[in-house]
Amino acid sequence: LIFTDRGIMYQIKGINIPEGKWKEKGEKLDTLIKALNLDEEKIIGVNSVNIMSSDRFVQFVTNSGCIKRSSLDKFQTNYSKIQALKLKEDQAVKLREGERVVRTDILEGENKFLKISTKLGLEFTLEIPQLEDLPRNILGTQLFNLSSKDEVINAEYVESMEFVEYTLGVTAKGTLKTFARANKNDSLKVT
C-alpha cells in the first residue's frame, strides 16, 4: 500500500514488481502504477500488507491537526487506486480544502502519545484520545488548533511523555514570567 499527501492510496501486488539485480537502477514507481502522478502528489507512506484484516488500522494525521483511524479492511479493493481520505470520489480518506496528509501508519493496538512538529517551530507531545473506527468518507477528529499561518510538518508516535508543570506570574507592570517544575517537590525555576 502506498499513501500520498493528497489522501490517495495506491496498491500493487508484489508479484507485479519486476525483480532486479543489485546494480540495476530499478523501475520507476509511476511506470508500475499508471494512475500515480508524482508531479502532483508526494508519497508519505509505504506498507507491505498480506491480509486486509479488521483488527489492524490505518491511522492518518493531517497538516491541520486532524487524526483519523480506519480499519484496514475498509481499503480492500481490486483497483490500484483509491482515495484514503475522501474529498473526491477517488480519494481513500476525506480531507478538507487545502488539507494534506503528513503521516500514515498501519497499527495493531493503541498508540498513546503523538509528538507534533509545526512549520513555525512549535513542538509538543499529546495523548491520543480513544479513536473510533471510521468509514473512509468521514472527516477525521480535530486534535488541536493551529494559527492560520502554521501547519503540522511531522508527527511521530512516542512511548511516553514528560509532564512539566508551569506557573505564570504577571507583575503590576504587565510583564510575564514562567516558572517551571519537573516535580512538585522541586523549587521553582524562573525562565
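Ser53 counts as buried, with a relative accessibility of 18%, where buried means under 20% relative accessible area, exposed over 50% and partly exposed in between, computed with a 1.4 Å probe on protein chains only. The structure is a predicted model, in which local features need pLDDT of at least 70 and side-chain atom pairs count only at pLDDT 80 or more, while totals for chains, interfaces and linings use all residues. Residues are numbered from 1 along each chain as its sequence is written, and side-chain values use heavy atoms, with hydrogens and water left out.

Ser53 lies in the loop between strand 3 (43-46) and strand 4, strands being DSSP runs of E of at least two residues, numbered from the N terminus. The side chains of Ser53 and Asp55 are joined by a polar contact of 2.6 Å.

An open sheet is formed by four strands in the order 7-4-5-10, with antiparallel pairing; two strands pair if DSSP finds at least two bridges between them. Strand 7 (101-107) and strand 10 (141-142) stand at the edges with a single partner strand each, so one side of each is left without a neighbour in the sheet. Six bridges link strand 4 (residues 57-62) to strand 7 in the antiparallel sense, and Gln59 has Asp105 in strand 7 as its bridge partner.

Within strand 5 (residues 66-71) is Ser70, which counts as buried at 1% relative accessibility. Leaving aside neighbours within four places in sequence, Ser70 is in contact (heavy atoms within 4.5 Å) with residues including Phe57, Val58 and Leu134, and the side chain of Ser70 reaches the backbone oxygen of Leu134 at 2.7 Å.

Key:
A polar contact is a pair of N or O atoms within 3.5 Å; within protein, one must be able to donate a hydrogen and the other to accept it, and residues adjacent in sequence count only if both atoms are side-chain atoms.
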